[in-house]
Amino acid sequence: MNSIRRLSSFIKMNKMPYDKFTFHFQNLQRAPRRRETWLCQILRMKEGEPTLQVFKNKGSKHAEHICLRENEAAIQGVDRYEITWYISWSPCDECAPQIIEFVKKHPNGKLNIFASRLYYCEEPDNLKSKTPEEQTEIKQKIQRCREGLGNLEGHGKICIKVMTLKEIQDCFHRFVEFKPWGKLEEDSHLYAEKLKEITKEERKKKIEKDKASVKKDKASTEKDKQTSAEKERRNRQRGTRA
Ligand SMILES: [Zn+2]
């Protein structure tokens with residue numbers, strides 16, 4: 001038990017890094033170099049807040065296996081539970097029976113699985129380049145994985161679907177951590193200071209401009225007054241002469 005706990009605490013995390021998420025959850029038809037399986041779990045029990053955890057495979061232990069072992073302790077004795085998984089690869093032929101076993105053992109709940117990509121669901125492009133033995137092995141693996149998916153889908157308490165945009169977004173919002181880049185705060189502070197400087201300067205300029213405009217208006221009104229007074233004076237003079 002202690003060794004399981006030690007192992008779990010080492011590979012369990014609450015959030016996954018942004019770059020890991022965009023790489024491992026990308027639903028490419030051919031997904032080279034994605035050798036890890038990431039599993040984001042929401043565990044809801046009758047009472048209390050849901051628990052969010054992120055698991056990934058470690059050594060020969062698959063993410064699903066590690067997660068199920070962890071859940072054993074968490075749901076012990078609870079009335080009801082609901083588990084939702086967002087998983088980068090669909091469960092393999094070894095994990096599928098373990099998942100079914102878990103749900104059978106804990107019938108007071110349900111498991112929703114949303115997989116980004118289907119693991120070993122069809123023959124790889126380079127199959128022909130393999131030896132006949134390897135080809136047979138791959139084909140058998142594919143068949144076992146497909147059967148596993150069929151068994152998961154056929155279980156009443158398990159719902160298995162492919163992640164759509166909605167689930168990708170849900171998973172992203174819940175499980176992906178935002179990691180501030182290098183000098184985010186320092187640069188933000190510099191820009192804030194700069195903005196303060198600019199607005200202060202512009203405010204000052206506007207006040208000066210307004211003052212100048214008032215002065216100009218006054219001068220022009222004064223000039224108008226003088227002009228009309230002059231006109232009046234001339235008119236009066238003309239009147240006197242007539
Ligand atoms: Zn597996």
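Student: Which residues does UniProt list for "domain: CMP/dCMP-type deaminase"?

Tutor: The unreviewed UniProt entry lists residues 33-133; such positions are given in the numbering used here, feature names are shortened, and annotations may be inferred rather than shown by experiment. Residues are numbered from 1 along each chain as its sequence is written. This is a predicted model, in which local features need pLDDT of at least 70, side-chain atom pairs count only at pLDDT 80 or more, and totals for chains, interfaces and linings use all residues.

Student: How much of residues 33-133 is helix and how much is strand?

Tutor: Helices (H or I, at least four residues) and strands (E, at least two) are DSSP runs, numbered from the N terminus. Over residues 33-133 the chain is 25% helix and 32% strand.

Student: Which residues touch the most other members of the largest nonpolar core?

Tutor: In soluble globular proteins, nonpolar side chains tend to be buried together. A nonpolar core is a set of buried Ala, Val, Leu, Ile, Met, Phe, Trp, Tyr and Cys residues joined through C-beta atoms within 7 Å. A residue is buried if 20 or more other C-beta atoms lie within 10 Å of its own, the C-beta atoms being placed from the backbone. Here the largest core has 35 residues, and L39, C40, W85, Y86, I87, I99 and I113 touch the most other members. β4 gives the most to this core, with five residues.

Student: Which residues of α5 are buried?

Tutor: An α-helix has 3.6 residues a turn, so residues three or four places apart point the same way. In α5, the buried residues are C145, G148, L149 and L152. The α5 helix has 23 residues.

How values were computed: A residue is buried if 20 or more other C-beta atoms lie within 10 Å of its own, exposed if 12 or fewer, and partly exposed in between; C-beta atoms are placed from the backbone. The expected span of a helix is 1.5 Å times one less than its number of residues.
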